[in-house]
Structures are given as structure tokens and as C-alpha cells.
Amino acid sequence: MIVNTLSNYIKLFLGIFITVFMTRLLFLGLTREEYGIWALLWSIFGYSLLLDFGFGAAIQKVTSQTLVNKDWNNYNRVVSTVFFNYLGMSLIVTAVTVLLARNLDNLFHFSNPSLIPYYQKIFILFGLGTAVVFPFGFFVEVLRGLHKIQLRNNIQMVFKVLNFLLIYFVVKMGFALFGMTVVTIVISLLTNATMAFFAYRNLPSLKISPRNYDFKQLKSVMAFSIFAYVITFSNLIIYQTDQLVISLFASVSLVAVYQISSKLALTFKGFSTQFLDNLTPVAATLFASKQENKLAKIFVESDRLLGFIATMLFIPIVVFVRPLLNIWLELNDPDGIRVAIILMVSIYIIVSFRSSSAKILLMGDKYRNLSIVAIIECAANLGLSIYLIRYFGIVGVAIGTLVPNVIMAVVFNIPVGLKFAGLSFKDYFNLSLKNNLFIGGVTFLVAYGLRMIYTPANFFQLLALFSFITLFYLVIYYKFGTYGWEKKQLKSYLTSKFK
């Protein structure tokens with residue numbers, strides 16, 4: 001799990017590095033309208049992911065469970081049923097593509113009408129490519145269910161680099177949108193084909209065939225997947241409707257300030273939760289094999305590790321959020337600073353107290369409860385945000401996100417997770433929370449003291465302070481927050497790797 005997590009971070013940093021250079025390449029290498037079309041294509045067809053209907057999570061779950069129960073006939077019926085339903089979804093993507101392409105000039109305004117036929121061809125090519133690629137994304141979930149996250153990451157990183165190099169070539173050669181679209185489709189197909197190759201290699205019993213399609217299995221799978229879908233969709237609404245509320249009940253100009261603050265919080269979440277990628281298949285495997293003690297241990301250790309990572313990143317960002325936003329974007333808006341802090345606290349609670357329990361409960365057949373909680377939280381978030389924006393502006397919208405999150409953590413995630421794992425709160429606090437809170441508190445005081453006596457004036461000074469605070473936290477945690485056997489294992493692991 002640690003190796004998979006490190007692999008996730010490598011992929012994350014590679015993605016950021018490529019995105020920085022890719023954005024510059026496209027922004028300078030395309031016309032503004034071409035760049036807008038490219039962004040529009042990704043925005044529109046990104047919604048095709050909503051056609052997953054939670055089947056991806058179901059495939060992860062059933063793959064991990066079949067590693068235990070070895071019922072390959074049932075497994076092949078499930079995966080065949082899901083795969084051919086994905087093919088059906090591809091027909092929907094194709095129909096929508098043709099419909100939108102024919103009405104492209106009516107839906108969007110173009111500065112050069114003579115290029116509309118060209119844009120329509122690009123739109124159709126991109127849409128049909130998305131339809132072809134969509135069903136084969138299924139194999140990514142199979143590899144996750146097999147716990148082959150590092151393998152998945154390696155494949156994705158290789159093709160991500162290849163994609164960047166080929167797009168660089170076609171842009172420099174003047175092929176623009178057509179060449180970029182062809183490269184994107186071909187690379188996506190090759191990525192998924194490679195995933196399929198390794199899925200079959202690791203699962204010799206895997207057989208996807210129309211003869212294995214079973215409508216009864218579809219109903220059985222959807223009994224789980226539809227609840228997983230509701231949870232995902234509710235979370236999407238929670239994170240995406242705040243801007244809509246601000247634009248409707250306040251001012252569109254305030255959306256920009258809120259967007260920047262929320263982007264900082266979501267970036268913090270992305271860096272804090274790479275470990276969670278492991279938890280779904282591991283929890284499904286342990287639940288299927290009835291290893292309750294090990295599942296409880298995973299629950300405690302996951303919260304401890306997530307809390308460790310989140311606290312390490314949270315402290316320097318929150319303490320220095322004002323100079324960070326000022327240096328990064330020259331943002332000095334007091335409400336923007338408050339929103340950033342409130343949303344950072346909200347994400348910290350999600351990561352440290354809700355994330356691991358949600359994954360374990362989802363794979364432990366508590367998905368109905370999770371979906372109900374997600375719907376309640378979604379409604380409470382929206383209602384509170386609309387009510388509080390009238391009194392506190394965009395700060396009220398952020399509070400509307402924080403309050404339901406805290407309540408659900410206290411009344412649902414923590415107590416239900418502890419009951420499921422068979423732990424008392426005292427044991428959970430001592431094993432998972434105590435060291436993070438104590439060492440985090442000490443580090444926060446040190447960081448806040450530095451903030452009082454020194455304000456960074458540029459990015460390098462800010463980076464130096466972040467590095468010092470992070471190093472201080474790591475040293476103190478290693479000294480007082482780890483057990484003797486953990487120190488011994490870490491030294492042994494590092495020694496073997498260096499040798």
C-alpha cells in the first residue's frame with residue numbers, strides 16, 4: 001500500500017509538470033478560438049464519466065472479492081454484463097455527439113463562421129473517439145481491484161509522456177486541433193489496450209463474452225453501483241454548486257475569488273488522499289475473506305496515515321495562506337482568505353476523519369447508509385449556503401460547506417466506522433488521533449510563531465518556510481509519533497533499497 005501511494009504521488013507530480021508545459025504549449029501554439037474549442041471538447045465530453053453509473057466501483061469490489069472466493073464463472077458474468085452495458089453507453093455518447101455537432105453553430109458563438117464545418121468535424125471525431133474509448137476504461141478498474149495500482153500508474157505515466165511529446169510535435173508542425181484529437185484518441189486506446197493486456201495476464205480466468213451477459217447480474221450489480229453513483233454525484237454537487245449559489249444570490253465577480261480559494265483547498269485534498277486509492281480494493285478483499293481484525297487495523301492505520309499526511313500539509317498552508325495567495329495571485333481579499341481557511345478546515349476533516357471510514361463502509365455493504373448521508377449532506381450544504389450568503393457573503397457559502405461536513409463526521413462516519421471495526425473511541429483516539437493532534441499542535445505553534453515574526457516576500461522565501469515547517473513536523477513525528485517496530489521496519493526498508 002505504501003509503494004502504491006508513492007507511485008500515486010509520482011504520477012501526481014508528473015501530471016502537474018506536464019500540465020504546466022502543456023498549457024503553455026497550447027495557449028501559445030493555438031489561436032484563442034482553437035484553444036477555446038479544445039477546452040470545450042474536454043468540458044463537454046468529460047460529462048461522459050457520469051454514464052459510469054457506479055459500475056467502476058462495482059468492478060473494483062467484485063474483482064477484489066473474487067480473489068478470495070474464486071467464483072470465476074460468476075465474475076465473468078458480472079464483468080461481461082458491465083462491459084456490454086458500457087458499449088450501450090457508447091451509443092448514447094455517439095448520438096449526443098452527432099446531435100451537438102449538427103447544432104454547434106446554434107449553441108456556441110464563433111468569431112470565424114467559415115471554420116464551423118472544420119470545428120464540426122473535430123467535434124464528431126473527438127466524440128466518436130470518446131465513445132470508442134469509453135467501454136475499455138473498464139480495465140483500469142479491474143487492475144485496481146487486483147491491487148495493481150503501481151502497474152496502472154506506470155502504464156498511465158508512460159502514455160501520458162508519449163501523449164505530451166506527440167501533441168508537442170503536431171502543434172509545432174501546424175496540425176493543430178485535428179492532430180491533437182487523433183493523438184488523444186490513439187493514446188487513450190493504447191493506454192486502455194495495455195491495461196486490458198495486463199488484466200488478462202493477471203487474471204487468466206477472465207473471459208468477456210456476449211454469452212456471459214446476464215440481466216440478473218445487472219440488477220445485482222446495480223444494487224451496489226447505483227448507491228456508489230449517488231455518493232459520487234452528491235459529492236460532485238457539493239463541490240460544484242457553491243459557485244452557482246454565489247452567481248445567483250451575490251455577484252458573478254465574487255465567483256473568481258471563491259474559485260481560487262476552493263482550488264487551494266481541493267489541491268490540498270489531492271495531495272493528502274493519494275493513499276485512499278489502495279483502500280477500496282483492500283477493504284473489499286478483507287471483507288470478503290471475513291478478516292474483521294485486519295479490517296479494523298487497516299481502518300485505524302489508514303486514519304492515522306491520512307491524518308499524518310494531511311496535518312503535515314495543512315499547517316504551513318493555513319498559517320501562511322495570506323502571503324501564499326498574495327505571492328501566487330496577488331489576492332489580498334479578506335473574505336477570500338477566510339474562505340480559503342474555512343474550506344481547508346473542511347477538507348482536513350474529510351481527509352482525516354471521514355475518507356477511510358467511507359471507503360471501508362462502502363466495500364463493507366454499508367453503501368445504502370452512505371448514500372443517505374451523502375444526500376442529506378448535499379441538501380444541507382445547498383440550503384445553508386443559500387441562507388448564509390445573505391448575511392456573510394461568500395464566507396457564508398464556505399460555512400455552509402463546513403457545518404454539514406463536521407456534523408456528518410461526528411454523528412455518522414466516526415461512530416459507525418468504529419462500530420463496524422469493533423473499536424471504542426478511546427482505543428481509536430489513542431491509536432489513530434493522539435499523536436497527530438499533539439504533534440500537529442506543537443508544529444502549528446512553531447509555524448504561527450514564525451508567521452508573527454516574519455512574512456515571506458517571494459515564492460522562494462515561502463518555499464523555505466514550508467520546507468522548514470514540514471521538516472520540523474517529520475522529525476518530531478519520527479521521534480515521538482512512531483513505534484519502535486515502525487522505525488526498525490523503515491530503516492530496514494531504506495537500507496535494502498539503497499543497497
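Modeller: Let's start with a term: a residue is buried when its relative accessible area is under 20%, exposed when over 50%, and partly exposed in between (1.4 Å probe, protein chains only). This model is predicted, so local features need pLDDT of at least 70 and side-chain atom pairs 80 or more, while totals for chains, interfaces and linings use all residues. Residues are numbered from 1 along each chain as its sequence is written, and side-chain values use heavy atoms, without hydrogens and water.

Biologist: Thanks! How many salt bridges are there?

Modeller: Side chains of opposite charge can pair when their charged atoms come close. With a side-chain nitrogen of Lys or Arg within 4 Å of a carboxyl oxygen of Asp or Glu as the rule, the count is four. In one of them, Glu486 pairs with Arg304, with the closest N and O atoms 2.7 Å apart. Glu486 sits in helix 20 and Arg304 in helix 13 (residues 292-319), 182 residues apart, so distant parts of the chain are linked. Helices here are DSSP runs (H or I, at least four residues), numbered from the N terminus.

Biologist: Are Glu486 and Arg304 buried or exposed?

Modeller: Both are buried. Glu377 and Arg354 are also joined by a salt bridge, at 3.0 Å between the closest N and O atoms. Glu377 belongs to helix 16 (residues 367-392) and Arg354 to helix 15, so this pair ties together parts 23 residues apart in sequence. Glu377 and Arg354 are both buried. Shared partners also join Glu301, Arg304 and Glu486 into one network.

Biologist: Why are Asp335 and Arg338 about one helical turn apart?

Modeller: Because they are three residues apart in helix 15. Asp335 is partly exposed at 29% relative accessibility, and Arg338 is partly exposed at 45%.

Biologist: How should I read helix 12 against helix 15?

Modeller: Two packed helices are described by the angle between their axes and the distance between the axes. The axes of helix 12 (residues 276-288) and helix 15 (residues 334-363) come within 8 Å and cross at roughly 35°. Residues in this contact (heavy atoms within 4.5 Å) include Ala283, Ala284 and Phe287 of helix 12, and Ser355, Ser356 and Ile360 of helix 15.

Biologist: Which residues does Gln65 touch?

Modeller: Not counting residues up to four places away in sequence, Gln65 touches Ala284, Phe287 and Ala288. Gln65 lies in helix 3 (residues 55-69) and counts as buried, at 16% relative accessibility.

Biologist: How many residues of helix 7 are buried?

Modeller: Eight of its eight residues (138-145). Helix 3, helix 4 (72-102) and helix 12 are among the elements that cover them.

Note on methods. Axes fitted to C-alpha atoms, helices over the stretch in contact; angles between N-to-C directions. Helix = DSSP H or I, 4+ residues; strand = E, 2+ residues; numbered from the N terminus.
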